[in-house]
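Subject: Structure handover

Hello,

Here is the structure for your files. My notes on the sheet and on one helix pair follow below it.

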Amino acid sequence: MSGNIKLLSDTLAAAKAEGRSALIAYLPAGFPTVDGGIEAAKAVFEGGADVVEIGLPHSDPVLDGPVIQTADDIALRGGVKIADVMRTVREAHEATGKPVLVMTYWNPIDRYGIERFTAELAEAGGAGCILPDLPVQESATWREHADKHGLATVFVVAPSSKDARLGEITAAGSGFVYAASLMGVTGTRESVGEQAQDLVRRTKATTGLPVCVGLGVSNAEQAAEVAQFADGVIVGSAFVKRMLTADGDLAAGLAGIRALAGELAEGVRKRA
């Protein structure tokens, strides 16, 4: 069975055709429980997200700040497994028909087996993987299997990336390019800043792939700001924080993230 890279590309292209950025939401699998995490993914889609990234919880998430680390810890203590990640992808996609990716560090895939992981993700209806710590120069085997199974390989670029390096990264990637808006870890911030705009400009000079910005976006105003220059706006910590502040009340948490998705979906549609 082939994965849904085409659905991902078509979704991003449809948003562009509407004259707006796509809204991409991130949520960890298994948080607050496996079933609760599945309902959360559905809720952000219902609120207006175009794409959802499902995080594979990791004990040492080097890109992620304290909010997502807290959620990962809850998921890991709950015993989340890769099979639960695949189930989350499957049920979120089947319920909505929309593209769902996995965001994961490399070690879990390496231990699980590249062929096994890519085959199961494609079978679950996944659209691809975001791999923040897989060096492009070591990614050939992964990309071969991902291509075979119809999965996107999304690499991360940062403000520190030199132009030549941007070209190497974007030439190897597919689906879209994840532009980290600043140096540091995930989390909500007061301002996304000019670094992100400059990075998107430099990245677009190397590729025809959509360039989507993450790290720091937490509200509709910031989403509107980033939407003026990026093809997609990626939001994670703000959703996770809403679930955490619900303090175990799943219905309240789902209502909170559904409402936030609606606010952000309005934000990415605002014109300058």
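**Strand β1 and its neighbours**

Pro 28 stands opposite Gly 55 in β2. The model is a predicted one. Strand β2 covers residues 51–55, and five bridges pair it with β1 in the parallel sense. With strand β9 (residues 232–235), β1 also runs parallel, joined by four bridges. Here Ala 25 has Val 235 of β9 as its bridge partner.

Strand β1 spans residues 22–28, and seven of its seven residues are buried, so the strand is largely enclosed by the rest of the structure. Ala 22, Ile 24, Tyr 26 and Pro 28 point one way, while Leu 23, Ala 25 and Leu 27 point the other way. In a regular strand, side chains alternate between the two faces of the sheet.

**The whole sheet**

The sheet is open, has nine strands and pairs in parallel, in the order β5-β4-β3-β2-β1-β9-β8-β7-β6. Its edge strands, β5 (152–154) and β6 (156–157), each pair on one side only. Strands β3 (residues 100–103) and β4 (residues 128–130) run parallel and are joined by three bridges; Met 103 has Ile 130 of β4 as its bridge partner.

**Helices α2 and α12**

Helix α2 (residues 34–47) packs against helix α12 (residues 250–267) at about 30°, with the axes 7 Å apart. Angles under 35 degrees count as roughly parallel, and α2 and α12 are therefore roughly parallel to each other. Their crossing is right-handed. Contact residues include Gly 36, Ala 40 and Val 44 of α2, and Leu 254, Ile 257 and Arg 258 of α12. The residues of this contact divide into eight nonpolar, three polar and three charged.

Regards

Technical notes. Residues are numbered from 1 along each chain as its sequence is written. This is a predicted model: local features need pLDDT of at least 70, side-chain atom pairs count only at pLDDT 80 or more; totals for chains, interfaces and linings use all residues. Side-chain values use heavy atoms; hydrogens and water are left out. Axes are lines fitted to C-alpha atoms, for helices over the stretch in contact, and angles run from 0 to 180 degrees between N-to-C directions. Helices (H or I, at least four residues) and strands (E, at least two) are DSSP runs, numbered from the N terminus. Angles under 35 degrees count as roughly parallel, over 145 as roughly antiparallel, 65 to 115 as roughly perpendicular and the rest as oblique. A crossing is left-handed if the near helix is turned anticlockwise from the far one by less than a right angle, and right-handed if clockwise. Contact means heavy atoms within 4.5 Å. Ala, Val, Leu, Ile, Met, Phe, Trp, Tyr, Cys and Pro count as nonpolar, Asp, Glu, Lys and Arg as charged, and the others, Gly among them, as polar. Two strands pair if DSSP finds at least two bridges between them. Buried means under 20% relative accessible area, exposed over 50%, partly exposed in between (1.4 Å probe, protein chains only).
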